[in-house]
Amino acid sequence: MFSLILGINLFFLIGLFDDKFNLSPNKKLFLNFFVILFLILLDENLVVRELNFSFFNVPIELRNFSYMFTILCILLLINALNMFDGINLQVGSYCIIIFGIFIFKNLFTSLSIILILSILLYLYFNFKNKSFLGDSGTQILAFLISYILIKSYNYENAFRPEEIFVILSIPGLDMFRLFLFRLIKGKNPFQPDRNHIHHILLNKLKYNLTFFTIQILIIFNIVFYYLTYTKIIALILTFTSYILLLILFTKNRNKI
């Protein structure tokens, strides 16, 4: 529990400092990298050492790459959740879905219930434009989700790698798309813009429809994964549904 409490405080402080003084993306990346490295050196049970996909007979051993892979995964989730926090209610509602999955699987149940109740209170004020997560909030939530997923994966084999991908797919795919096209245009991949999935939908839909469309897509992909026997089909559907949503709501398809 020491690594959990320490991680929450360190990520909160980095996020708070960023919210107040607007850290450069490179400095924030540097700080997050070394905090994650410190935490996994402190608690080796936070290290992902193998990937056990349901459609492979043999697990993929990460070996010497395990530390870097773990750091990369947590960093990507921190950035994906931060970039997903573009409209009110979106990240809070998404995190309730994730913590609800943890409760359903009987994983860190007490912590997940406390977090859901806390987020519900936050959502009330966020809906009224009186409270916002900021980087400090998204950093804490991303770390907590990473912590529970990795611990549950290592101790109880409670998740499959493809299952984690589906749960985190919409923010993750949107982040990769944004990174790719910013790099193609010669921009810093961390440079903010208004090309996120919620911005694209807002060009054609009102706020309420944008919010519900994204949340329904997230829930649909997760439910389909748990209902289908062939998990690789769920992965294909996750990619396809995200791409179709972009095609449907992008005015100029060449932008995709």
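**Exercise 1. Find where isoleucine 233 sits, and decide whether it is buried, exposed or partly exposed.**

Let's start with location: isoleucine 233 is part of helix α11. Helices here are DSSP runs of H or I with at least four residues, numbered from the N terminus. Before going on, note that the model is predicted, so local features need pLDDT of at least 70, side-chain atom pairs count only at pLDDT 80 or more, and totals for chains, interfaces and linings use all residues. Residues are numbered from 1 along each chain as its sequence is written, and side-chain values use heavy atoms, with hydrogens and water left out.

Now the cut-offs: buried means under 20% relative accessible area, exposed means over 50%, and partly exposed is in between (1.4 Å probe, protein chains only). Isoleucine 233 has 42% relative accessibility, so it counts as partly exposed.

**Exercise 2. Work out which helix gives the most to the nonpolar patch.**

First, list the members: Phe55, Phe56, Ile60, Ile232, Ile233 and Ile236 make up this surface patch, and together they have about 500 Å² of accessible area. Next, pick the helix: α11 (residues 231–249) contributes the most, with 3 residues.

**Exercise 3. Classify two aromatic pairs by the angle between their planes.**

Here's the rule: rings of Phe, Tyr and Trp (its six-membered ring) pair if their centres lie within 6.5 Å; planes under 30 degrees apart are stacked, over 60 edge-to-face, and the rest tilted. By this rule there are 20 aromatic pairs.

- Phenylalanine 17 and phenylalanine 21 are 4.6 Å apart centre to centre with 45 degrees between the planes, which makes a tilted pair. They are 4 residues apart in helix α1 (residues 2–21), so about one helical turn separates them.
- Tyrosine 124 and phenylalanine 125 come out edge-to-face, at 5.1 Å centre to centre and 80 degrees between the planes. Tyrosine 124 is partly exposed because its relative accessible area is 48%, and phenylalanine 125 is partly exposed too, at 34%.

Terms used:
Patches are made of residues with over 30% relative accessible area and no salt bridge: like charges are joined within 9 Å, nonpolar side chains (Val, Leu, Ile, Met, Phe, Trp, Tyr) within 5 Å. Accessible areas come from the Shrake-Rupley method with a 1.4 Å probe; for residues, only the protein chains shown count as cover. A salt bridge is a side-chain nitrogen of Lys or Arg within 4 Å of a carboxyl oxygen of Asp or Glu. Helices (H or I, at least four residues) and strands (E, at least two) are DSSP runs, numbered from the N terminus.
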